[in-house]
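Please open the structure in your viewer and keep the selection tool at hand.

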Amino acid sequence: MAPGLDFSDWWAKDTRKGTPVVVKMENPNYSVVEIDDPDAAFRPVEKSRGKNAKQVTWVLLLKAHRAVGCVAWIATLFWALLGTVKKRLIFRQDVAMASEKLGKGKLLFTVIKAFLVISLTILAFEIVAYFYGWHYFQNPSLHIPRTSDIQGLFHLVYVTWLWFRADHIAPLIQALSKFCVALFLIQSADRLILCLGCFWIKYKKIKPRFEGDPFKSNDVEGSGYEYPMVLVQIPMCNEREVYEQSISAVCQLDWPKDRLLIQVLDDSNDESIQWLIKAEVATWNERGVNIIYRHRLVRTGYKAGNLKSAMSCHYVKAYEFVAIFDADFQPNPDFLKQTVPHFKGNPELGLVQARWSFVNKDENLLTRLQNINLCFHFEVEQQVNGVFLNFFGFNGTAGVWRIKALEESGGWLERTTVEDMDIAVRAHLNGWKFIFLNDVKVLCEVPESYEAYRKQQHRWHSGPMHLFRLCLPAIITSKIAVWKKANLILLFFLLRKLILPFYSFTLFCIILPLTMFVPEAELPIWVICYIPVFMSFLNILPAPKSFPFIVPYLLFENTMSVTKFNAMVSGLFKLGSSYEWVVTKKAGRSSESDLLAAAERESKMTNQLQIHRGASESELTELNQLKTDPAPVKRVNKIYRKELALAFLLLTASVRSLLAAQGVHFYFLLFQGVTFLLVGLDLIGEQMN
């Protein structure tokens with residue numbers, strides 16, 4: 001009989017002693033009997049093995065190899081996953097994004113590569129240590145730390161961190177947070193005063209009015225003295241999507257044709273777009289509209305240079321007022337009749353500004369959030385400043401200027417990207433007054449993509465700081481009242497253009513996330529919850545339909561503070577991007593009435609040959625092809641990981657601060673924030689496709 005061999009000590013200990021076990025086969029010709037108490041001669045000899053340093057090293061190398069293999073497998077998996085996401089987000093209809101734009105957003109790839117390099121470095125160190133004999137068991141001079149030593153070391157490091165955090169980091173954060181909270185309260189008080197002023201205007205029904213009816217029914221149109229000479233300017237640059245509807249709306253203004261001149265100021269560098277705009281101008285010119293087309297050969301100064309060049313024409317001297325509309329603006333036919341009469345009998349009035357109304361405000365979440373900010377800007381800021389101060393920043397479009405005010409203020413200057421604010425400040429320093437008409441609305445568009453919106457906001461926040469550097473000496477030495485100087489310097493520039501982006505970025509994007517790691521500097525709940533929510537309610541009041549979006553609005557504003565702060569710093573210190581002008585991308589949205597009018601015009605194509613009788617057949621064919629088949633534009637879908645990650649980080653920090661008193665663990669909230677981030681990335685990726 002074969003003896004039973006024990007393979008390990010624990011198996012031998014678990015072996016039951018007692019009745020022998022007989023194992024029989026299915027067709028037994030023999031039987032195997034195992035004796036549980038064999039003789040000493042048959043017992044296995046127990047060999048006590050000593051630990052070999054070489055074997056231990058190879059075991060460690062084997063474990064390190066497995067760890068590196070696991071890390072490499074995870075890195076490969078993530079690489080493949082991110083490659084799939086990149087193809088889904090960046091590539092659309094087999095159109096690849098430009099190679100220079102692929103350089104952004106590679107931080108995650110860099111981190112994965114760094115982990116892989118660290119793992120390979122550790123493996124190489126282990127191999128070198130093996131060949132040089134740096135072994136624990138063969139070199140008695142090496143100290144092998146025990147578990148208690150490691151625990152004591154971690155405890156010492158943790159206690160040192162707590163001491164350093166409480167004595168050195170927390171005081172700095174607390175001092176900075178107190179300063180930012182003070183600025184936050186000042187800015188909130190300013191906004192509250194503006195809201196109270198708006199409520200007073202609504203309660204008293206205060207609004208600019210002109211006496212009588214300057215356009216009586218018995219007036220003979222074109223008689224001359226009731227209708228002043230008005231120049232209308234439409235500056236544009238590569239505006240393929242909106243040129244037709246803007247020119248059409250301006251050409252339908254209700255004003256005597258001999259008292260009105262329309263200038264289409266085209267700065268396009270695309271010849272196909274120039275052809276289209278020229279054809280549209282020729283169409284309306286044939287219909288009897290006094291309209292001309294101007295194209296600059298030297299395109300300097302962006303929009304300011306375009307307007308300055310147009311105002312230098314000799315025939316401009318015959319006109320008294322100039323109305324300006326950007327390429328996506330569609331004024332109503334009675335726009336001039338609602339604005340120009342305010343100048344009559346008011347020689348100190350230099351500007352009449354109308355309100356913007358947005359045809360695509362409900363297009364997506366981004367347009368809804370922009371509508372909240374812009375409604376507050378017009379309904380509260382512009383209206384209150386116009387009623388009580390007779391001064392506000394010109395919005396650059398949908399306004400009528402007295403040409404004399406422009407000339408006495410120095411005309412259009414090309415020194416900043418906010419030429420509208422520049423001319424408004426200089427006109428205010430020369431004693432001219434402004435009127436804002438909240439009831440007169442002009443249709444326009446808001447950016448529908450985040451890329452266009454971010455570039456627009458960068459220009460709007462870098463330009464004022466650049467202008468502040470240039471205008472400060474002129475403001476101080478001007479002859480206006482002291483309180484007007486204080487309003488310009490302290491409120492108009494410092495509080496609303498500098499302090500607002502500074503404290504919102506520092507307080508909510510730096511200090512609030514740091515409180516998760518430095519609880520000694522934790523912000524009070526009224527700073528991170530009560531006052532922001534209350535101020536958000538005030539901001540949404542002019543757009544009451546936007547109340548369901550108050551939470552996205554809070555996160556959106558805090559996240560956008562990064563872009564605004566960056567733009568403010570670049571403008572204040574005259575960095576390279578402070579004079580960067582990027583034309584805001586338009587989608588070509590039209591109102592319902594415009595769509596009906598366009599359909600009616602399309603049905604009346606019988607006069608097309610008469611309109612283009614000076615063109616050859618080949619030119620007509622080429623023009624029709626340009627209208628029907630515009631050049632394909634590459635659409636690039638991008639995911640803005642930085643802004644999205646910051647939004648969820650702020651959300652996590654706020655929730656952590658609000659629930660800190662409840663004893664909720666920080667790591668749970670951090671894990672929750674990361675989970676929200678990953679889910680948000682996936683959802684945005686799906687939406688962008």
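A residue is called buried when its relative accessible area is under 20%, exposed when this is over 50%, and partly exposed in between. The model on the screen is a predicted one.

Select Asp267 and Arg296, which form a salt bridge with their closest N and O atoms 2.6 Å apart. Asp267 sits in the loop between strand E4 (260-266) and helix H6 (271-286), and Arg296 in the loop between strand E5 (291-295) and helix H7 (302-311), so this pair ties together parts that are 29 residues apart in sequence. Is Asp267 buried or exposed? With a relative accessible area of 5%, Asp267 is buried. Arg296 has a value of 8% and is therefore buried as well.

Next, select Asp439 and Lys207, whose side chains meet in a salt bridge at 3.1 Å, N to O. Asp439 belongs to strand E9 (residues 433-444), while Lys207 lies in the loop between helix H4 (147-204) and strand E3 (230-236); the pair therefore ties together parts that are 232 residues apart in sequence. Asp439 is exposed, because its relative accessible area is 52%. Lys207, at 41%, counts as partly exposed.

In total, the structure holds 18 salt bridges. To see several residues joined in this way, select Lys202, Arg355 and Glu379, which are linked in a network of salt bridges.

Select residues 419-429, which make up helix H11; 11 of its 11 residues are buried, so the helix is largely enclosed by the rest of the structure. Among the buried residues are Glu419, Asp420, Arg426 and His428, together with Met421, Ile423 and Leu429. Which elements surround them? The buried residues of H11 pack against H7, strand E8 (399-402), helix H10 (403-408), E9, helix H12 (450-477) and H13.

Asp422 has a relative accessibility of 0% and counts as buried, whereas Arg415, at 29%, counts as partly exposed. Then move past the end of the helix to Gly431, which follows H11 and has a positive phi, near 90°.

Select Ile247 and Trp401, the residues with the most contacts inside the largest nonpolar core, which has 118 residues. Which helix gives the most to this core? Helix H13 (residues 482-514) does, with 12 residues. A second, separate core has 10 residues, including Leu369, Tyr450, Ile550 and Met560.

Finally, select helix H14 (residues 525-540) and helix H15 (residues 550-572), whose axes come within 10 Å and cross at roughly 105°. Angles from 65 to 115 degrees count as roughly perpendicular, and H14 and H15 are therefore roughly perpendicular to each other. Show the side chains where the helices touch: Pro532, Val533, Ser536, Phe537, Asn539 and Ile540 in H14 meet Ile550, Tyr553 and Leu554 in H15. How do the residues of this contact divide into nonpolar, polar and charged? Seven are nonpolar, two are polar and none is charged. Ile550 of this contact is also one of the residues of the second core.

Key
Residues are numbered from 1 along each chain as its sequence is written. This is a predicted model: local features need pLDDT of at least 70, side-chain atom pairs count only at pLDDT 80 or more; totals for chains, interfaces and linings use all residues. Side-chain values use heavy atoms; hydrogens and water are left out. A nonpolar core is a set of buried Ala, Val, Leu, Ile, Met, Phe, Trp, Tyr and Cys residues joined through side-chain atoms within 4.5 Å. Buried means under 20% relative accessible area, exposed over 50%, partly exposed in between (1.4 Å probe, protein chains only). Helices (H or I, at least four residues) and strands (E, at least two) are DSSP runs, numbered from the N terminus. A salt bridge is a side-chain nitrogen of Lys or Arg within 4 Å of a carboxyl oxygen of Asp or Glu. Axes are lines fitted to C-alpha atoms, for helices over the stretch in contact, and angles run from 0 to 180 degrees between N-to-C directions. Angles under 35 degrees count as roughly parallel, over 145 as roughly antiparallel, 65 to 115 as roughly perpendicular and the rest as oblique. Contact means heavy atoms within 4.5 Å. Ala, Val, Leu, Ile, Met, Phe, Trp, Tyr, Cys and Pro count as nonpolar, Asp, Glu, Lys and Arg as charged, and the others, Gly among them, as polar.
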